[in-house]
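Biologist: I would like to go through this model with you and ask where its labels come from. Could you set each value beside its cut-off for me?

Modeller: Gladly, let's have it on screen.

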Amino acid sequence: MFTAADEYGIDLSIDADRVERLLSVTPADVDPADRLTFARNVFVPLTTACRYTCTYCTYYDVPGEASLLSPDEVRERCRVGADAGCTEALFTFGDEPDDRYAAIHAQLGEWGFDSIHDYLHRACEIALEEGLLPHSNPGDLTEAQFAALREVNASMGVMLETTADVDAHSGGRRKTPGQRLNTIRAAGRRGVPFTTGILVGIGEGWRDRAESLLAIRELNERHGHVQEVIVQNVVPNERSDFAKPDLATMRRVVAMARAALPSEVSVQVPPNLSPAADLVDCGIDDLGGVSPVTDDYINPAYEWPDLGGLRAVADAGGMPLRERLPTYARYLPNDLRPAGVDPAPAPTNRDGWIPPAVRDRIRADDVHGRRLRGVARGDGPLAVRGD
Ligand code: SF4
């Protein structure tokens, strides 16, 4: 029996037999998907300050060097993204900057914000004003923080990475599996369509991978909010020499993800980091957010493929490529879901999955609303091709 760290009262236990069964899964045991999806996004790295120092991470900057985009810079990025046909403003963070980041806190104060989360709320409003749907990844949050931020987000996310205690997270300031699971649970309790995932190759073992996938499954069984699970391999970079997992490892772990999760939860690999064309027969059905206008700020040395590159992955699997919104179709209101997609059961918070500000943005009678509705229903001008 695996029991998650209970410092947050997670009360999550995974039966040992289920772990064993998942460990026996191979690519031959799963069916390929019947379509491959992606979302068109613009990256908005709101701040590179982070209270942690994960050893594989090149995203964070140390105090004194961390950046903070101004409201004008956020608006300009969103405008460029919307003009390029994006639907999603992907707000990336580290985790809440601690008090070592005095300059970041002073700047936020000067702009009239008490915290980075207050500022994120305003930045999401700017994205909505510019015609994009915010999807924020602000690290660990409490239920109260989700309650505020859900009002201006189409969906949100945080990587679980692993339920194991690994040295990659060690040091004086470290994120913990219990904290991440608590965040995923808090998102579910607040009815937030949610993206999470595992990071492969940071010192975890096969049993840890199985337990991580089953922990995500269990939280989704309670709240129905997990829309996709990213299976991301670590890549070498200037801060770490973790080896990129080999293809056989990725094929097996992707197949395990597909077998562990219910069919409505997508399994995603990032096509700029993973050999996606060699994984399409292992059950992936999504390539995540791909940007035509900005770099992958989390992994800046690894370029996004263009639409031709995404088509090549879909062709390798003999499946059509479809564009989607950051929010998966089953969470959208009736008038915005494509035909044939059943609605997700109502969230446990009874507030509905999509907040009024986001619904209004998609329904607006302007060029952005028309673009968003077209992508939502699968009949918009941005369909990659009519297959
Ligand atoms: S991986 Fe995330 S939490 Fe860890 S240091 Fe990088 S930005 Fe911070």
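Biologist: What share of the contacts in the chain with a separation of 6 or more comes from residues 24 or more positions apart?

Modeller: That share is 77%. A contact here means two C-beta atoms, placed from the backbone, within 7 Å. Before we go on, this is a predicted model, where local features need pLDDT of at least 70 and side-chain atom pairs count only at pLDDT 80 or more, while totals for chains, interfaces and linings use all residues. Residues are numbered from 1 along each chain as its sequence is written.

Biologist: Why is C54 called buried?

Modeller: Buried takes 20 or more other C-beta atoms within 10 Å of the residue's own, exposed means 12 or fewer, and partly exposed is in between, with C-beta atoms placed from the backbone. C54 has 24, so C54 is buried. Its place is the loop between β3 (36–45) and α2 (71–83), and beyond four places in sequence C54 touches A168 and H169. Across the chain, buried residues make up 48% of the 387.

Biologist: And why does R207 count as partly exposed?

Modeller: R207 has 16 C-beta neighbours inside 10 Å, so R207 falls in the middle class. This residue is found in helix α7, and its contacts, neighbours within four places aside, are V19 and L23.

Biologist: What makes the phi of E161 worth a remark?

Modeller: Phi is near 70° there, a positive value in a residue other than glycine. E161 has 24 other C-beta atoms within 10 Å, so E161 is buried.

Biologist: How do you know that the span of helix α8 is close to the expected one?

Modeller: Helices are DSSP runs of H or I with at least four residues, strands are runs of E with at least two, and both are numbered from the N terminus. The expected span is 1.5 Å times one less than the number of residues. With 14 residues (247–260), α8 reaches 20 Å from first C-alpha to last, close to the 20 Å expected. Its buried residues include V253, V254 and A257, and among the elements covering the buried residues of α8 are α7 (206–223) and β8 (226–233).

Biologist: Which residues touch the most other members of the largest nonpolar core?

Modeller: Of its 101 residues, those are V44, A123, L213, V231, V254 and A257. Helix α4 (residues 116–129) gives the most to this core, with eight residues. A nonpolar core joins buried Ala, Val, Leu, Ile, Met, Phe, Trp, Tyr and Cys residues through C-beta atoms within 7 Å. V231, for instance, touches V253, V254 and A257, among others.

Biologist: What makes up the shell around the ligand, by class?

Modeller: Six nonpolar, three polar and two charged residues. Ala, Val, Leu, Ile, Met, Phe, Trp, Tyr, Cys and Pro count as nonpolar, Asp, Glu, Lys and Arg as charged, and the others, Gly among them, as polar. The surrounding residues include C54, D95, G139 and K175, where being near takes a C-beta atom, placed from the backbone, within 6 Å of the molecule.
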